[in-house]
Amino acid sequence: MRAITRDDYRDRIIRVLRHMQDHLDEEMTPAELAKVASFSAYHFQRVFRSLTGESVMSHIRRLRLERAALALLSEKGDTEQGITGLAFDAGYRSHEAFTRAFSAHFGRSPREFRQHGRSVHLPTVPSGVHYGALEELKEWNFIETECISMEVEIKQVPGVKYAYLEHKGPYEGIGTCFEQLFGIAGKAGMLGPGMESFGLYYDDPDSTPAEKLRSRACLKVGENPQFDPSIGLKVDQRAGGQYAVVMYRGPYENLKQPYDFLYREWLPESGHEPADAPCFEIYINNPQEVKPEDLLTQICVPLAG
């Protein structure tokens with residue numbers, strides 16, 4: 001398998017940026033766009049956001065608003081009925097919702113924009129990609145922002161059998177799920193030396209609504225003779241293979257920093273791309289025993305073979 005280059009990442013993101021503009025009237029899901037970009041659905045949103053500075057759906061919504069702004073300067077947007085039509089074209093179910101979103105982005109209502117629009121510049125966006133500027137995509141490149149630098153190891157990680165509880169909602173809430181997991185496992189005699197717990201994370205928290213985030217609080221089972229499926233825990237197998245592994249020291253609320261480094265800096269330069277499996281985190285120490293700045297988290301991103 002040939003090494004994946006930075007230009008490969010760039011070309012695949014440009015491909016999806018063009019696709020978004022060419023299909024702006026269609027429903028586009030992150031999973032469908034991941035196929036266009038030839039990225040794993042587990043990682044596409046993190047890659048896209050890290051390299052463009054916008055989430056997938058935020059980018060689409062902005063393009064639709066910019067298209068509506070241009071239409072407001074033509075006969076299509078000359079009437080209140082025309083503005084309502086633009087609202088529906090932009091994916092909003094009401095004139096009011098469209099007006100709120102438009103005003104938040106452009107700093108003036110659709111009616112005011114129509115009156116003064118020709119003297120208004122489009123707001124600056126991190127990616128620099130605006131509606132209709134397809135020719136400019138030929139010269140497009142990743143956003144440049146400061147990012148922490150970390151040491152990354154490529155490790156061969158074995159697959160493991162694990163018991164888990166599912167969590168849906170903000171990732172910060174998975175701590176309660178781990179408490180429940182340890183409570184059940186402790187009563188079953190599963191806890192002790194060599195115990196390994198980890199969290200599996202399926203979605204990018206900067207691209208997915210908090211209430212829809214999916215994760216699992218997991219406990220390695222292996223061949224543990226004490227494990228009894230009837231205790232109320234589900235069982236699954238974590239994929240083995242090559243992983244990019246970093247050790248992060250610091251509070252859990254700052255974990256976005258190492259993820260941004262991995263997806264924005266390390267992956268495009270590494271010759272690798274993420275595999276079709278979720279990331280996981282191993283928690284080395286206990287937040288009840290050490291200060292937040294001393295917490296150690298091992299972040300593992302699966303790599304395509």
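A residue is called buried under 20% relative accessible area, exposed over 50% and partly exposed in between (1.4 Å probe, protein chains only). By this scale His-272 is buried, with a relative accessible area of 18%.

The model is predicted: local features need pLDDT of at least 70, side-chain atom pairs count only at pLDDT 80 or more, and totals for chains, interfaces and linings use all residues. Residues are numbered from 1 along each chain as its sequence is written, and side-chain values use heavy atoms, leaving out hydrogens and water.

His-272 sits in the loop between helix H9 (256-270) and strand E7 (279-283); helices (H or I, at least four residues) and strands (E, at least two) are DSSP runs, numbered from the N terminus. Not counting residues up to four places away in sequence, its contacts (heavy atoms within 4.5 Å) include Ile-4, Tyr-9, Trp-266 and Leu-303.

E7 also belongs to an open sheet of 8 strands, ordered E1-E6-E8-E7-E3-E4-E2-E5 with antiparallel pairing. Two strands pair if DSSP finds at least two bridges between them. Strand E1 (153-157) and strand E5 (234-238) stand at the edges, each with a single partner strand, so one side of each lacks a neighbour in the sheet.

| Item | Value |
|---|---|
| E3 to E7, antiparallel | 4 bridges |
| Gly-199, bridge partner in E7 | Glu-281 |

H8 packs on the sheet, touching strand E2 (160-168), E3, strand E4 (214-220) and E7.

Methods: Axes fitted to C-alpha atoms, helices over the stretch in contact; angles between N-to-C directions.
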